[in-house]
Amino acid sequence: MPTPSHTRNPFTSVETPAVGVEIQGLSKNFGRLEVLKDVSFSIEPGEIFVMMGPSGSGKSVLLKHIVGLETPTAGRVMVNGLDATTEAAREQVRMAMVFQAGALFNSLTVYDNLALYLREHQVADENGIKEKVMRALQILSLEQTAQKFPSDLSGGMKKRVAIARALVMEPQLLLYDEPTSELDPVMSATISEIIALLRDEYHVTSLVVTHDRDLALNIADRVGILMDSRLVFLGTPAELRHPSNEKVNSFLNPKIDLKNPRYKKLET
Ligand SMILES: Nc1ncnc2c1ncn2[C@@H]1O[C@H](COP(=O)(O)OP(=O)(O)OP(=O)(O)O)[C@@H](O)[C@H]1O
Ligand SMILES: [Mg+2]
């Protein structure tokens, strides 16, 4: 596990302390549906925490609690010691989220997609903005795409643009929702390398929600698995290779059985 360190701003030489996250007894109900039940864990400053779990197990709902878009039914979420539902957390901690589908504006060029946040927040003048945008594109090897529109890009490029857009916000905490879904294995490996680079070079604290076992095994400092609304595994990638919990094992190593009754039903 990395030692608590400082987030180095990739655009200036300014360093700020890396931030941690504490999830304490978090439960979330939507009406009668219990999505999260008494989930507790922490994300250490500067670490990559990977959260896995079956579809519908509450991973995206968990992410939304950290950025303050959902309020806990019980328990609490603390970001750098501040309650995630408060203005103070949003004002004092620079957080960015990389959405699964990228959430890019199709009518704007890649350059303008990245510049949008900086212009809205008047972070710098146009020259300063250009410097920050081009630096983020360079980190993600995307310089050639600056004047292209999202529709001209491959899925993998769009994912990288989404990460670059998060990066210009100079985040201390970066949340990724399925960063490698729909990508070929080589592009998935590239995205994994970029996530690891942001930890190693800039000490960004990262929470990565994914179904990608290779990503978890290769870049995670620690891994959690959500199943049936509960955190059923919390450990290192090495421990994930030989899980003692049978449900976790069959989630990570599913068997394809063509004699399965589900398949038989299709044979009419
Ligand atoms: N705002 C909401 N209102 C009601 N139910 C919701 C809401 N948001 C999520 N849910 C429900 O919570 C459950 C968990 O959803 P969530 O999106 O967190 O799953 P997930 O683990 O991210 O799944 P996937 O891997 O498919 O992305 C689902 O049953 C979903 O329908
Ligand atoms: Mg999801």
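User: How many bridges join β9 to strand β10?
Analyst: In this predicted model, local features need pLDDT of at least 70, side-chain atom pairs count only at pLDDT 80 or more, and totals for chains, interfaces and linings use all residues. Residues are numbered from 1 along each chain as its sequence is written, while chains are lettered from A and ligands numbered from 1 in the order in which they are written. Strands (E, at least two residues) and helices (H or I, at least four) are DSSP runs, numbered from the N terminus. β9 and β10 (residues 205-209) run parallel, with Leu174 opposite Ser206 in β10, and the number of bridges joining them is five.

User: Through which helix does the chain cross from β9 to β10?
Analyst: This β-α-β crossover is right-handed: with the strands pointing away from the viewer, the path from the first strand over the helix to the second runs clockwise. The helix crossed is α6 (residues 185-202).

User: Which residue of β9 is the bridge partner of Val98?
Analyst: Strand β8 (residues 95-98) pairs with β9 in the parallel sense over four bridges, where pairing requires at least two DSSP bridges. The partner of Val98 is Tyr176.

User: Are the residues of β9 buried or exposed?
Analyst: Leu173, Leu175 and Asp177 point one way from β9, and Leu174 and Tyr176 the other way. A residue is buried if 20 or more other C-beta atoms, placed from the backbone, lie within 10 Å of its own, and exposed if 12 or fewer do. On both sides, the β9 residues are all buried.

User: Which element gives the most to the shell around ligand 1?
Analyst: β4 (33-43) and α1 (59-66) each supply at least two residues of this shell. The element giving the most, with three residues, is α1.
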